[in-house]
Every structure is written in C-alpha cells, then in structure tokens.
Amino acid sequence: MNPSRPSFDALSAYTPPIAAASNGRRLSSTNRRHLVCLLALALAGCGTQRPQEPPERAAEVVRAEIVRLIPANVADRNGWAADIYTAFAAQAISTSTENLCAVLAVTEQESTFQADPPVAGLAKIARTEIDRRASSLHVPGFLVSAALRIDSPNGKTYSQRLAAVRTEKELSAIFDDFISMVPMGRQLFGGLNPVHTGGPMQVSIDFAQAHARGYPYAVDGSIRQEVFSRRGGMYFGTAHLLGYPVNYPQPLYRFADFNAGWYASRNAAFQSAVSRLTGSKLSLDGDLLLPNSPMAGQTERAVRTLGKRLEMSDGDIRRALNHGDSLDFEDTDLYQRVFALADAKVGKPLPRAVLPGITLESPKITRTLTTAWFAQRVDERWKRCMARAGKN
C-alpha cells in the first residue's frame, strides 16, 4: 500500500501504537510523545491535540461515492449503496474510500453482487450431506428416501424441493422445514441447520447471531434469514471484515482474516516466529490454542519449550495466548519477547502479519484453494476499486 494513504483501519477513533523499539521493548510514554511531536513538526508543527481523523462525510456524499465505485454492470447500485452505507453508519465504521473498496471487493469476490447467489450443483451437495449424516447415524438409505418423499409445507415433497434448489437461502429454508416437520429430520440434524454461511458476503451465520446486538433493522423471522438478505448480509459482512482494530500494514491481511478468522494473519506471523526459534514445523493457521480445550496444541507446546528464555511459566504462556483473538495480544510479554528473540536471531524485524497457510474445505469448492488465494484475489479487486476512485 502507498504509505501516503490513510492507515487501513475499521475504527475511526483507533490509532495504532508506536512500533516497538528494535530491542523488543516499547518506547516509554515520554519518548513516544517526543517522537510524535518530531514527526508532526516535520509536517505541520506539533500542537497539544492528538491529530484527528477527517470528519465523516454527509450520508448522501458517501452513498454517491459507493454508487460510483460499484462495477457498472451491477443492478440497483443505489439500493446496494443504501444498504452498505447503513452497515457503516450503524456500526460507526469509517467510510474512507479504502474501507468502502474493501467491502465492495469482498462482495464482488464472494457473490458478484448477488444477495443470494446461486451455487452450482447445490442439489447434489445437499443430498450428499443428508446421506452422510444418515450413514454416520446408521440410518438405512431407504428410510431417508421415504422421509424425503413426505410433502413439505409448500405442497412439494422434500425430494422435489431439493432437486430444484439453487441458493443457500432456499436450501436453509428446506432444512428448517425438514428439521421441524419430519421426525427423520430431527434425528439427522438435531435442530442444527447445516447451512453455515450465506448472503452477498458469504458471512458466517454463527458470527451474525453472535453480533446481532445493534442490528439496525426489524428482524424478518430470524438473524439466519437476515443473513440471506442484501441488507443483513452487508451489515454482518462489513462487521466481520472491518469491525475490529488491527495494526496491519495493508488490507491484504484483513482479507485473509475475513476468510480465516479475526487476527489469523497476525497470529500466523507469531507462529512463524515461534517456528524459527524452536525449529518446530508449525501450521501457520492462526489458531494459537485448541478450540474449547484445556489441552495444549502444537503452537502452545512449542512456545512452552521457550519458557526459560522468555522467563515465563506455562500458566503465563496460556494466559497470554488466551488474548489471541484480540488486539491486546500484541501488548503481552509473550508476544513482545518472542518477536524480540526472533528478530535478534535473524538480524532484522520479522513481519508482524503473514498470510495463513490454510487450504479451504467446503462441499461447494471443487478445486484446491487457500486462504492466501482468496486474500490475493480480493486484494486485486480492492486495487481496481481504488483505481476507479482515482487513488492508485
């Protein structure tokens, strides 16, 4: 990214901390203030007030810019612009051109601006999932076929509806009906709809349900159903992409996080530093702890071998790693000491963000794809959007 551009940051009030000194220790608050003043003096003089973000622009100005930035072949650009602006305004996210282009780039990559995009071969994917669940529960295939021949609430059999399904919204509705109306449905799915993502930004339904507080619209049925709408999909997708502060040097890493989870790129860089220090071959997946488990995973076990050099106990290490899903992790002794040791070993500062090494797995994916591939494709679209805005 051109360093003259504003930092790519979701929260207008968020200001990244001054970088750590080369010895791994943070600058004192006094030295930080002096450094800030020196930098400001070089530009326009150092005052007593912290530099402020540019004031937010009027709603009509932002909406007009969004319309200009959306590809010309998209239908109802004004409608898209209205929903996107509401997503930003309701969450108090900066409407910088960089942020607007980020949301547009992800939307174009995920759905080419379709609120409920069709999925090739979805009927086969759905039936395969039902058969897989049935097999795992030792339910005979003839019973599954019999259950699917039952009439659904719209008068068609579940088998007929599955054969004609084209979008995840339609599939989710079929499963909801199947689970609630057919005894076999509850046995197979236990009330859990297997459709996990949806909408124009393909956002996780679990994420949306966990971040529904402050949703600016009257909910039509359920948050799950809202995700499949344009307004809901853009709201929760924007939250997932931009609703957390980062210190990334360029948007590429946010795009990776959108695919792999918040702070995955930052955490993958930490794993890389640990790997350099220990010689352990770690998966750079951004997962610092085993999900919902007190057991130590490969990253935690590797860090523990550095305990004496870090002057930290296993308990200290675990407490620090518990901050791996927040910006606070960068202020922990563990993070700073690991990078201080790793920087010293290689003789230069290591990157604080790297693309996670994750292969994407989904019934909808028919070829080998990775998080890095996704992030780079979105980044290309972001750059084209910025060029349309005249910010090369």
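Is Arg-231 buried, partly exposed or exposed? Arg-231 is partly exposed, with a relative accessible area of 25%; here buried means under 20% relative accessible area, exposed means over 50%, and partly exposed is in between (1.4 Å probe, protein chains only). The views below work through this and other spots in the model.

A word on the numbers: this is a predicted model, and local features need pLDDT of at least 70, side-chain atom pairs count only at pLDDT 80 or more, while totals for chains, interfaces and linings use all residues. Residues are numbered from 1 along each chain as its sequence is written, and side-chain values use heavy atoms, with hydrogens and water left out.

**View 1. The whole protein, before zooming in.**
The protein has 19 helices and two strands; helices (H or I, at least four residues) and strands (E, at least two) are DSSP runs, numbered from the N terminus. Of its 392 residues, 44% count as buried. The accessible surface comes to about 19900 Å², with 53% of that belonging to carbon and sulfur atoms; the areas come from the Shrake-Rupley method with a 1.4 Å probe, and for residues only the protein chains shown count as cover. Take the contacts (heavy atoms within 4.5 Å) between residues at least 6 apart in sequence: 60% of them join residues at least 24 apart.

**View 2. The stretch to treat with care.**
The average pLDDT (the predictor's confidence in each residue, from 0 to 100) is 84 for the protein, and 83% of the residues score at least 70. Over residues 1-51 the pLDDT is below 50, and this stretch has 65 contacts in the model beyond near neighbours in sequence. Where pLDDT is low, the predicted coordinates should not be read in detail.

Cys-101 is joined to Cys-385, with an S to S distance of 2.1 Å. The torsion about their S-S bond is about -75°, so this disulfide is left-handed. The link is between distant parts of the chain, from Cys-101 in helix α4 to Cys-385 in helix α19, 284 residues apart. Both Cys-101 and Cys-385 are buried.

**View 3. Gln-109 and its neighbours.**
Still in helix α4 (residues 97-111), we get to Gln-109, which is buried at a relative accessible area of 15%. Leaving out residues up to four places away in sequence, Gln-109 touches Trp-373, Phe-374, Arg-377, Val-378 and Arg-381.

**View 4. What sits over helix α2.**
In helix α2 (residues 59-69), the buried residues are Val-62, Glu-65, Ile-66, Val-67 and Leu-69. Their cover includes α3 (77-90), α4 and α19 (371-388).

**View 5. Two salt bridges, Asp-177 to Arg-161 and Glu-226 to Arg-231****.**
A salt bridge is a side-chain nitrogen of Lys or Arg within 4 Å of a carboxyl oxygen of Asp or Glu, and by this rule the count comes to 17. Asp-177 pairs with Arg-161, the closest N and O atoms being 2.9 Å apart. Asp-177 lies in helix α8 (residues 168-181) and Arg-161 in helix α7 (residues 158-164), so the pair ties together parts that are 16 residues apart in sequence. Asp-177 is partly exposed at 22%, whereas Arg-161 is buried at 13%. In the other pair, Glu-226 and Arg-231 have their closest N and O atoms 3.0 Å apart. Glu-226 is buried at 2% relative accessibility.

**View 6. A salt-bridge network around Glu-300****.**
Glu-300 and Arg-318 meet side chain to side chain in a salt bridge of 2.8 Å, N to O. This pair links distant parts of the chain, with Glu-300 in helix α15 (residues 298-304) and Arg-318 in helix α17 (residues 314-321), 18 residues apart. Glu-300 and Arg-318 are both buried. Salt bridges with shared partners join Glu-300, Arg-304, Asp-314 and Arg-318 into one network.

**View 7. Positive phi at His-138 and Tyr-263****.**
His-138 is a residue other than glycine with a positive phi, near 60°. Look for His-138 in the loop between α5 (122-136) and α6 (141-148), exposed at 72% relative accessible area. Tyr-263 also has a positive phi, near 65°, and is placed in the loop between α13 (252-260) and α14 (264-278). Tyr-263 is buried, with a relative accessible area of 3%.

Terms used:
Disulfide = S-S within 2.5 Å.
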